[in-house]
Amino acid sequence: METPLPKAPRKRQVTAIIILLLLWEAGGATINYSVLEERESGSFVANLAKDLGLGLGELAARGARILSKGNRQHLQLEQKSGYLLLKEKLDREELCGDTDPCILHFQVLLKNPLQFIQGELQLRDVNDHAPEFLEQEILLKIPESSHPGTAIPLKTAQDLDVGSNTVQNYTISTNPHFHLFTRSHSDGRRYPELVLDKTLDREEQSELRLTLTALDGGSPPRTGTSQVVIAVLDINDNAPEFAQLLYVVQVSENSPVGSLVITVSARDLDAGTHGELSYSFFQSSNQGIQVFEINAVTGELRLKRMLDFEEIRSYRMEIEASDGGGLSGKCTVAIEVMDINDNAPELTMSLLISDIPENTPDAVVAVFGISDPDSGDNGKMTCVIQDHRPFLLKLTVENFYTLVTEGALDRESQAEYNITITVTDMGTPRLKTQHNITLLVSDVNDNAPAFTQTSYTLFLRENNSPALHIGSVSATDRDAGANAQLTYSLLPPHDPQLPLASLVSINADNGHLFALRALDFEALQAFEFRHRLLVLVKDNGEPALSASVTLHVLLVDGFSQPYLPLPEVAADQAQADPLTVYLVIALASVSSLFLFSVLAFIAVRLCRRSRAAWVGGCSVPEGHFPGHLVDVSGTGTLSQSYQYEVCLTGVSGSNEFKFLKPIIPNLLPQGANEEIEENATFQNNFGFN
């Protein structure tokens with residue numbers, strides 16, 4: 001078990017974490033780390049989760065990412081442990097050259113909620129480069145008349161390392177004529193100086209060979225060597241002198257190859273070969289020698305290849321003028337490269353969301369950074385999107401933007417947006433970069449279905465065939481996908497005793513209405529049927545939205561008028577032509593006369609059978625037939641699908657009531673007995689026995 005911290009340290013720890021978090025929220029805090037160069041990929045840098053005061057799983061939950069300038073990523077984040085690791089082996093000399101300290105900037109992006117944290121990684125130098133002389137042999141021409149104590153500067157060695165790992169000391173091989181001093185320039189660079197201890201005698205020794213060694217400050221130190229060849233000359237008492245010790249010149253980076261940079265000039269008071277001068281580079285970096293060339297006779301310094309301000313911004317080199325007698329003079333040329341606007345801005349996308357649900361306010365669409373390697377106004381940038389778009393660009397930290405929605409989007413108004421991000425620099429001419437984003441607005445269930453009519457009226461003749469299609473209802477939904485898939489259903493009636501489920505059904509997919517069985521005008525008239533049906537339609541969204549509509553079903557008795565027509569229907573009928581009224585009255589009279597004749601015929605037949613029954617000693621069963629043999633109409637009439645025959649025999653003294661098989665027996669489904677019993681119950685409930 002872990003021992004709990006004392007209250008005072010724990011309180012200080014919590015206070016420190018709160019202060020750190022407040023600084024991060026304010027965007028002013030910078031986390032600093034350092035690591036040695038040349039460490040292997042995957043090497044540990046820091047425990048980022050601990051330094052940010054976040055739990056082990058919070059980095060992954062908040063979608064933490066490491067962002068670096070440009071497209072090259074130096075660091076990676078291990079989500080599970082919260083460790084910040086090296087993504088690749090880093091070479092300080094490649095990334096920073098001779099700049100010290102070497103700082104690599106990065107940002108920590110926490111997406112949910114959105115937060116930026118600035119970070120700096122200092123890449124510390126290791127002693128991985130030895131000093132190196134540009135020339136393996138250094139030639140010195142020293143007159144024999146030179147006095148002891150004469151100091152002769154030598155060419156320096158170059159070491160790509162910095163700090164204590166660069167060149168710290170020089171030594172010379174043991175000899176009777178010279179010793180070596182290690183001196184420092186004003187900028188801190190060390191150089192060797194050869195000092196004459198004993199007068200030279202050309203006749204005694206015309207040439208000396210010494211070994212010059214450069215040592216860096218590593219442990220153990222690395223070394224580089226060069227041979228110093230000293231040629232002893234006859235007397236030449238005047239050394240060349242330059243008109244200026246320092247030349248400063250500015251050159252545009254777009255200057256063509258061969259352009260004249262500057263002309264240096266020196267003079268020598270000696271005559272003859274001792275006064276003839278030759279110009280050459282005395283001390284220059286590899287980059288300087290590759291870019292510039294000097295005419296040995298005229299002293300003209302020209303471009304050997306194109307300059308690039310973004311690669312190297314300045315050069316400093318020493319030029320030597322040597323006469324024929326071995327004496328020389330030196331000057332320094334400082335060249336400043338002038339920037340032109342030759343680089344368009346760059347846009348690096350860090351986060352892009354191409355699909356956003358509608359009705360989501362202030363949603364993050366993209367997070368990106370912009371950069372321009374040019375300097376001054378050429379490197380200043382503006383970032384905009386086109387007008388009349390429901391989006392905003394927000395500057396989060398320097399040169400990092402967040403593209404968010406301005407309010408909620410409506411998919412039904414516009415389902416897709418094409419956004420163009422334009423980054424323009426302030427140089428002359430102005431250069432720009434454009435990045436196009438296609439954003440899709442995904443649907444949410446924010447629209448209820450709507451029927452095409454506020455109400456529907458259907459006319460149906462009685463004694464219809466079962467499963468008859470009696471009409472349709474239709475609804476639409478402005479949403480898309482599953483949110484627009486509709487399901488139709490019938491709401492239960494206000495009267496719970498009305499079994500609508502056994503009379504009318506609706507297709508859930510297309511809204512088609514069907515009469516499940518034959519409807520009887522007289523039975524439903526007694527029950528007062530149009531009662532209004534309510535049809536419900538709902539979509540398949542989450543949550544589901546719905547709408548309802550009123551359905552009027554008017555049952556027609558033969559050619560008679562609908563029972564209890566709706567007010568609007570009655571108003572239309574009142575305006576019908578008078579001839580139609582006369583025709584209806586005539587038809588009603590004929591129908592009444594026919595019905596009276598049929599009733600009279602039935603009464604006569606019943607009277608005759610009654611007398612025959614008494615004579616034969618048998619009687620006709622009284623009362624209604626069993627309920628399961630009665631039709632759905634409930635009037636007591638036998639079902640149309642059955643035939644019955646009554647036989648009376650006087651000989652045997654017995655009567656027989658015979659049921660014949662149904663006309664269409666194969667149509668009776670399984671559970672028909674339950675269906676018949678249900679019909680009987682349905683009819684009995686309405687007093688049809």
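A disulfide is here a pair of cysteine sulfur atoms within 2.5 Å. C96 and C102 form such a link, with their sulfur atoms 1.9 Å apart. A search of the whole structure finds one disulfide.

The model is predicted: local features need pLDDT of at least 70, side-chain atom pairs count only at pLDDT 80 or more, and totals for chains, interfaces and linings use all residues. Residues are numbered from 1 along each chain as its sequence is written, and side-chain values use heavy atoms, with hydrogens and water left out.

**The chain as a whole**

The protein chain has 689 residues, and 38% of them count as buried. Buried means under 20% relative accessible area, exposed over 50%, and partly exposed in between, with a 1.4 Å probe and protein chains only. About 39,200 Å² is the accessible surface of the protein chain, and carbon and sulfur atoms hold 53% of that area. Accessible areas come from the Shrake-Rupley method with a 1.4 Å probe; for residues, only the protein chains shown count as cover.

The secondary structure consists of nine helices and 42 strands. Helices (H or I, at least four residues) and strands (E, at least two) are DSSP runs, numbered from the N terminus. Of the contacts between residues at least 6 apart in sequence, 66% join residues at least 24 apart, where contact means heavy atoms within 4.5 Å.

**Cysteines**

The link of C96 and C102 is right-handed, with 60° about the S-S bond. Both C96 and C102 are buried. Elsewhere in the chain, C331 counts as buried because its relative accessibility is 2%. C383 has a relative accessibility of 12%, so C383 counts as buried.

**Salt bridges**

A salt bridge is a side-chain nitrogen of Lys or Arg within 4 Å of a carboxyl oxygen of Asp or Glu. By this rule the count comes to 12 salt bridges.

| Pair | N to O distance |
|---|---|
| K89 and E40 | 3.2 Å |
| E320 and K330 | 3.6 Å |
| E412 and R411 | 3.2 Å |

The pair of K89 and E40 links distant parts of the chain, 49 residues apart. K89 is in the loop between β5 (83-86) and α4 (92-96), whereas E40 is in the loop between β1 (30-36) and β2 (44-47). With 41% relative accessibility, K89 counts as partly exposed.

In the salt bridge of E320 and K330, E320 lies in strand β22 (residues 314-322) and K330 in strand β23 (residues 328-338), so the pair ties together parts that are 10 residues apart in sequence. E320 counts as buried at 16% relative accessibility, while K330, at 27%, counts as partly exposed.

In the pair of E412 and R411, both residues are buried. Salt bridges that share partners also join R92, E93 and D125 into one network.

**Strand pairing around β6**

Two strands pair if DSSP finds at least two bridges between them. Strand β6 (residues 103-111) pairs with strand β3 (residues 65-68) in the antiparallel sense over four bridges. In this pairing, S68 stands opposite F106 in β6. Strand β6 is also joined to strand β7 (residues 114-124), and these two run antiparallel with nine bridges. Q107 stands opposite Q118 in β7. A hairpin joins β6 to β7 through two residues.
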